[in-house]
Amino acid sequence: MPSTRDIRRRIKSVKNTAQITKAMQMVASSKMRKAQLAALAGRPYAKLMNRVLADVSHGAADFTHPLMEKRDSKKRCVLLVSSDKGLCGALNSNLTREAFKFDKDTTVFVCAGKKGAQFVARNKRNLAAEFTYKDAPLFAEARAISKFVQDLFLKGEVDSVEVLYTNFISTLVQKPDNLPLLPVGELKGVQAGLDGEETSVALEKSGVEFQFEPGADKVLGALLPHYLNFQVYQILLEAKASEQSSRMVAMKNATDNAKQLIKDLTLEYNKLRQANITKELLEITTAQMALG
Amino acid sequence: MATLKLEIVTPEAKIYSEDVDMVTLPGVEGEMGIFPMHVPLMTQLAAGEVSVRKDGQDFFLAVGEGFVEITGDQVSILTDMAIKAENIDEAKAEEARKRAETRLTEKLDDEEVANVNAALAHSLAQLKVKRRGR
């Protein structure tokens with residue numbers, strides 16, 4: 001039977017924990033909003049890029065580029081986009097469960113985020129590189145990652161590149177998703193923003209006939225890496241928003257549980273206190289009766 | 001007089017969107033000035049300086065590599081980086097340039113050289129814009 005002091009101590013410690021989880025919940029929700037806003041800020045860029053893509057690909061009909069070359073998929077590269085920190089629910093374990101499905105010998109991992117890299121190291125998979133990205137991902141960070149996987153592909157070290165990341169469907173639902181990145185198949189429009197909708201839009205050609213400098217195929221060739229960079233950037237933002245919203249939900253649950261625990265402990269504490277008082281009263285009256 | 005609608009967007013934000021009289025920008029095949037009613041043109045943008053004339057006044061932006069779409073009444077610039085002259089931190093850009101230059105003297109593989117060169121082009125573009133007219 002714990003003493004009242006023990007229970008009081010427990011209540012205090014649970015209260016402290018609840019305070020921390022509550023604070024983390026608030027921080028995560030504001031960071032999630034930021035990531036969502038950043039994804040929306042990419043919208044004008046995506047729109048313009050789609051327009052350029054549409055016009056350019058129309059101008060260069062049978063265009064080929066090394067990044068579009070289809071090869072037999074012997075070796076593949078998986079870009080694993082995870083979080084840096086834990087305490088975000090099942091997010092990372094869902095990702096690693098998917099990552100387990102890839103064949104050990106023919107898969108090379110490129111990781112963005114520490115948790116993914118830890119998984120790869122722990123399971124003795126092949127790790128080609130590890131990148132970090134901040135809470136507010138920068139385009140420069142996305143460009144570095146995208147450049148690295150493009151180089152792997154162009155050098156022939158891998159025959160295809162896929163991205164494994166957490167798709168932001170809504171604040172409550174995030175799903176690990178597998179997206180082929182390279183070789184670039186049919187050119188589709190990109191869409192910015194985290195609506196959980198279809199991320200690609202059809203390309204529509206504008207009515208204007210453009211001149212190209214230095215030539216449609218050259219422009220398209222230069223556009224392709226930018227197109228991939230932007231895609232990786234959007235994926236990073238999406239993964240970040242997923243991480244933060246997942247953390248927000250996990251921390252909300254933790255806070256609720258702590259509150260429930262405090263309630264139960266307080267009840268137990270009061271019961272014990274009352275029992276003690278009754279016992280003392282009994283003792284006093286018995287003593288008095290014995291004396292009287 | 002007809003005006004051009006100039007739009008400059010990066011993946012992170014829309015930097016600029018206004019009606020202007022003339023735009024001068026660094027294309028990969030040389031500098032070009034664009035007036036309203038320009039023939040529709042699409043071209044690659046090199047890192048450098050974009051100068052904008054509006055109501056008889058010129059002002060400048062530093063841009064990174066990217067693409068330009070020109071229609072008769074609109075110029076849309078799609079780039080990695082775009083900073084207005086007044087927002088450029090000269091000391092920071094200078095420091096970035098020095099860092100990039102020392103990195104170039106070290107032994108690097110091709111990929112790193114490309115990255116450093118891009119960074120160098122960015123900081124040089126910023127410095128050029130900031131130091132003009134001195």
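# A guided look at two chains

Guide: Welcome! Helix H4(A) is followed by Lys124(A), whose phi is positive, near 55 degrees. Please keep in mind that this is a predicted model.

Visitor: Thanks! Which residues of H4(A) are buried?

Guide: Burial here asks for 20 or more other C-beta atoms within 10 Å of a residue's own. The cover over the buried residues of H4(A) includes E1, H3, E2 and E3 of chain A. Those that count as buried in H4(A) are Lys115(A), Gly116(A), Ala117(A), Phe119(A) and Val120(A).

Visitor: Which side do the buried residues of H3(A) take around the axis, the same or opposite ones?

Guide: In helix H3 of chain A, residues 91-100, the buried positions are Leu91(A), Asn92(A), Leu95(A), Thr96(A) and Ala99(A). They span an arc of only 120 degrees around the axis, which puts them on the same side of H3(A).

Visitor: And which exposed residues does the face turned away from the buried side of H3(A) carry?

Guide: The buried residues of H3(A) have a cover that includes strand E1 (76-81), helix H4 (114-122), strand E4 (160-168), strand E5 (174-182) and helix H6 (216-291) of chain A. On the face turned away from that buried side, the exposed residues are Ser93(A), Arg97(A) and Phe100(A).

Visitor: Now the sheet of chain A, please. Which strands stand at its edges?

Guide: Five strands of chain A make up an open sheet with mixed pairing, in the order E3-E2-E1-E4-E5. A strand at the edge has a single partner strand, so one side of it is left without a neighbour in the sheet; in chain A these are strand E3 (126-131) and E5.

Visitor: What angle does the direction of H6(A) make with that of E4(A)?

Guide: H6(A) packs on the sheet and touches E1, E2, E4 and E5 of chain A. Between the direction of H6(A) and that of E4(A), the angle is about 35 degrees.

Visitor: Which element gives the most to the side of domain 1 of chain A that touches domain 2 of chain A?

Guide: Chain A divides into domain 1 (4-25 + 249-291) and domain 2 (29-247). Five residues from domain 1 and eight residues from domain 2 of chain A take part in the contact. On the domain 1 side, helix H1 (4-41) and H6 of chain A each supply at least two residues. With three residues, the element that gives the most is H6(A).

Visitor: How far apart are the C-alpha centres of the two domains of chain B?

Guide: Chain B has domain 1 (4-85) and domain 2 (88-130). Eleven residues of domain 1 of chain B are in contact with eight residues of domain 2 of chain B. The distance between the C-alpha centres of these domains is 23 Å.

Visitor: Why is E8(B) described as largely enclosed?

Guide: E8(B) is joined to strand E9 (residues 74-79) of chain B by six bridges, and the two run antiparallel. E8(B) and E9(B) form a hairpin with two residues between them. Strand E8(B), residues 66-71, is largely enclosed by the rest of the structure because its buried residues number five of the six.

Visitor: In E8(B), which residue is the bridge partner of Thr43(B)?

Guide: Strand E5 of chain B, residues 41-45, runs antiparallel to E8(B), and five bridges join them. The partner of Thr43(B) in E8(B) is Val68(B).

Visitor: What stands opposite Thr43(B) in chain A?

Guide: E5(B) is also joined to E8(A), by three bridges, and these two run parallel. Opposite Thr43(B) stands Glu213(A).

Visitor: Last one: which element gives the largest share of the side of chain A that touches chain B?

Guide: The contact takes 25 residues from chain A and 22 residues from chain B. On the chain A side, the elements that give two or more residues are H1, helix H2 (43-59), helix H5 (139-154), strand E8 (211-213) and H6. By class, that side has 18 nonpolar, two polar and five charged residues. The largest share, eight residues, comes from H2(A).

Key: Residues numbered from 1 in each chain as written. Chains lettered and ligands numbered in written order. Predicted model: local features only at pLDDT ≥ 70, side-chain atom pairs only at ≥ 80, totals over all residues. Buried ≥ 20, exposed ≤ 12 C-beta atoms within 10 Å, placed from the backbone. Helix = DSSP H or I, 4+ residues; strand = E, 2+ residues; numbered from the N terminus. Arc of directions from axis to C-beta. Contact = placed C-beta atoms within 7 Å. Domains from an automatic or database assignment. Pairing = 2+ DSSP bridges. Axes fitted to C-alpha atoms, helices over the stretch in contact; angles between N-to-C directions. Nonpolar A, V, L, I, M, F, W, Y, C, P; charged D, E, K, R; others polar.
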